[in-house]
Amino acid sequence: MTRIVKTCGSYSRSAEDLFADALHWRDLRQAMDGLAIYEGLPDAPVREGEDFEIVITWLGRLPGGSHRIRVARLDRDARSIVFAESNPSIPRWDHVLSITPRPEGGAIWTDEVVIEAGRKTFLVSLFAAYMYRRRHRRRGAEGVSVLHEAHP
C-alpha cells in the first residue's frame, strides 16, 4: 500500500528567500527542533547527488535508527529538490520539495511525500502529515493545508 501526503504552507516571504533557506540543512534542524535530532546531516548546503545516512532521535530520547537520504535532483531555477529517502522500517519515503511564487506576493512551499511502509503505511503517513504541518508552522507559515490520500 502506498500513501501520498501533500502539505502546502503559505508564506509572505518570497519564493527566492524560502528556497535559499531550504538549500541549507540547518532549516530542517530548526523546523524539527523539539521533535527530532538528526545526527550526520551535512553542514554544507544541499547538493544534487548527495547520499548519506543519518541517525534520528525522536523527542530527545527515543531512538529512531538510521535513515538514508539521497538528493536525487536539485533544480534551482524551478526551486525544487527531490529526495529519495528510506530506512529499515520505511522502504520508501520519496519527497519532493517545491516553492512557487504567489501572484499576490509571497510563496507556497509544497512538500509531497510518497510513503510505503507495509502494514504501517497508514500510520506513518498520518505522522508525516503532522510532521510537515508542524515544520511549516515553525517556519512561520500563515496557513497550512494537508492532503492525505491512498495512491494506487
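Eight strands form an open sheet in the order S2-S3-S4-S5-S6-S7-S1-S8, with antiparallel pairing. S2 and S8 are the edge strands, each pairing on one side only. From one strand to the next, the twist averages 25°. This is a predicted model: local features need pLDDT of at least 70, side-chain atom pairs count only at pLDDT 80 or more, and totals for chains, interfaces and linings use all residues. Residues are numbered from 1 along each chain as its sequence is written, and side-chain values use heavy atoms, with hydrogens and water left out.

**Strand pairing**

- Helices (H or I, at least four residues) and strands (E, at least two) are DSSP runs, numbered from the N terminus. Two strands pair if DSSP finds at least two bridges between them.
- S1 (2–11) and S8 (residues 143–151) pair in the antiparallel sense over nine bridges. Gly143 in S8 is the bridge partner of Ser10.
- S1 also runs antiparallel to S7, joined by nine bridges. Here Arg3 stands opposite Ile115 in S7.
- S4 and S5 are antiparallel, with seven bridges. Arg68 has Ser86 in S5 as its bridge partner.
- S1 is mostly covered, with nine of its 10 residues buried. Buried means under 20% relative accessible area, exposed over 50%, and partly exposed in between (1.4 Å probe, protein chains only).

**Helices on the sheet**

- In H1 (residues 15–22), the buried residues are Ala15, Leu18, Phe19 and Ala22. They lie on the same side of H1 because they cover an arc of only 95° around the axis. The arc is that of the directions from the helix axis to the C-beta atoms.
- These buried residues of H1 pack against S1, S4, S5, S6 and S7. Contact means heavy atoms within 4.5 Å.
- H3 (residues 121–138) lies across S1, S2, S3, S6, S7 and S8, running at about 10° to S1. Axes are lines fitted to C-alpha atoms, for helices over the stretch in contact, and angles run from 0 to 180 degrees between N-to-C directions.

**Glu50**

- Glu50 sits in the loop between S2 (36–39) and S3 (51–58). Glu50 counts as buried because its relative accessibility is 6%.
- A polar atom of the Glu50 side chain lies 2.8 Å from the backbone nitrogen of Arg47. A polar contact is a pair of N or O atoms within 3.5 Å; within protein, one must be able to donate a hydrogen and the other to accept it, and residues adjacent in sequence count only if both atoms are side-chain atoms.
- Not counting residues up to four places away in sequence, Glu50 touches Trp25, Pro42, Pro45, Ile69, Arg70 and Val71.
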